[in-house]
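Open the model in your viewer and keep the selection panel at hand. The stops below are given in order.

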Amino acid sequence: MKRYLKLYWLFSVQSLKVVWQHKTGVLFFMFGKLIRFLMFLFFVMILVKNTKTLVGYTFNETLVFYFTFNVIDTLTQMLFREVYRFRWLVTSGELDGVLVRPYHPFIRVLLGGLDILDLLMLGPYLALLTYFLLQIGLTTSYNLSLYLLLVVNSLIIATAFHIVVLALGVLTTEVDHTIMIYRDLSKLAVVPVDIYREPIRSLVTFVLPIGIMMTYPVKGLLNMLNWNLIIVSLVLGLASLLFSLWLWGRALKKYQSWGS
Amino acid sequence: MRKILAIAKINLAQYLVYRLSFVLWRVRVILSLFLTFFLWSAVYQSRLSIFNYSHRQIMTYILLIYVIGDLVYSSRVSDLSIQIRNGAIINQLLKPFPFLHNLFTREVTDKLLNLFFSIFEVGLVILLFKPALFIQTDILTILLMLLAIGMGIVISFFISFAISLVAFWSAEVWGPRFVFMTLITVLSGSYFPLDILPTLFYRLLLLTPFPYFTYLPTKIFLDGFSFQYLGMVGISLVWVVLSYFFARALWRKGIREFSFFGR
């Protein structure tokens, strides 16, 4: 474990150095992200201020959904940024070099590119989330524990999604669109998935399952989930992780190396 | 004309080679429509009107701005920055066909293809969810809307073209392009009609090129012909001229200073 932590640290420092080579780009990128975040926040605020509620959720509750989405989304991007560069590893044949190394390939291809820019964005998101969590006044230890448990479950599902993208990358070399479709799909849950009509709501909750990822933690916090739904979501989280690991194993068995 | 058609055919053939990429791209685009469509539908569940827009008007707005957005923003001009950085632009410049004509033909093919798919997708949404829609029948209004769409396409092209030309001097084109795309997403009315913003902010926004890409044509369609909108089309004409001269100056300067080894 200590060895892996040291490796992770080394990869992260390396990633930071690479980002630092593009200072102007970093500024543009941060500015763009900030604008996008603020404008959508403004849109949600102006909408819910005028309508009083959004599908039954108050202004503060809607913002807790929004910031929970942002925290989970930013955390996954921060941790798994290397996945976005995976296609090149496959098509150039460099993946061979990763697979023969004496450590698990995930430390390189999944976690090897900590995104410092997302780390910087995470601070304000967490602060705003905490503020609005306090505003809704449901912060008992039970609610908070359930919320955190479901957020961890979301991160497990997000990890599974990224491993599936890696596996598909090995099998088909298609990474760029797959990862962006994941991003676009998850964006559907920037507001509670209750806005969608059936059967789309069930589809985005249980099949894809971005509703469990982004909406369920806050529903748990608001005492809106019974134990059956909580258990289903935890089982789905575990099952998606096991499936992704199985797919990754299958992909490696079929891998025939490219380019080198 | 034969050359133009040949380039258009080559462009289409390229799309057919990368069919999966194109289909996945369309999936991504339609997902963004789903969010705004259902969000606004949810808002109107318990009320008839909000921000002076009826349910019918806002549904028309969301679907129409989606189609117009596809027509205005779909573009291959971002490839130009890659061609400049890797020197491939030299091959294009040496061909016996003006480079900018080639670029224009590729743009038209790309827009027509995307327009076809976006009309199909919106048709599917209408068929599946049956939203109440507003139909505009006034010919003058439709003509003004088409004029505004044309202006939006031209402004968007020249700004995007100018951003690609940054590649003549810097490798970091992705930064300005990311900001431009973000600003387009949030300031051109894709999520909401811009006139729901506070008045001062809305008026300031009208001085920028963003409202003229998709918001103005959609708004003209909804509200009908008026001299206020004619004036706004006038402002978009100013942006057409400004963006044209800016892009032309950058192109001339860039192409004069450009050099490349190894191809």
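Helices (H or I, at least four residues) are DSSP runs numbered from the N terminus.

This is a predicted model, in which local features need pLDDT of at least 70 and side-chain atom pairs count only at pLDDT 80 or more, while totals for chains, interfaces and linings use all residues. Residues are numbered from 1 along each chain as its sequence is written, and chains are lettered from A and ligands numbered from 1 in the order in which they are written. The model scores are ipTM 0.80 and pTM 0.86.

Next, go to chain A. The unreviewed UniProt entry annotates "transmembrane region" at residues 26-48, 63-80, 109-134, 146-171, 200-218 and 224-248; such annotations may be inferred rather than shown by experiment, with positions given in the numbering used here and feature names shortened. Select residues 200-218 of chain A: 89% helix, 0% strand (E, at least two residues), with end C-alpha atoms 20 Å apart. Residues 224-248 of chain A are 88% helix and 0% strand, and their end C-alpha atoms lie 35 Å apart.

Finally, show helix α9 (residues 176-187) of chain A with helix α2 (residues 19-43) of chain B. Their axes (lines fitted to C-alpha atoms over the stretch in contact, with angles from 0 to 180 degrees between N-to-C directions) come within 9 Å and cross at roughly 10°. The two helices are therefore roughly parallel (under 35 degrees) to each other.

Technical notes:
Angles under 35 degrees count as roughly parallel, over 145 as roughly antiparallel, 65 to 115 as roughly perpendicular and the rest as oblique.
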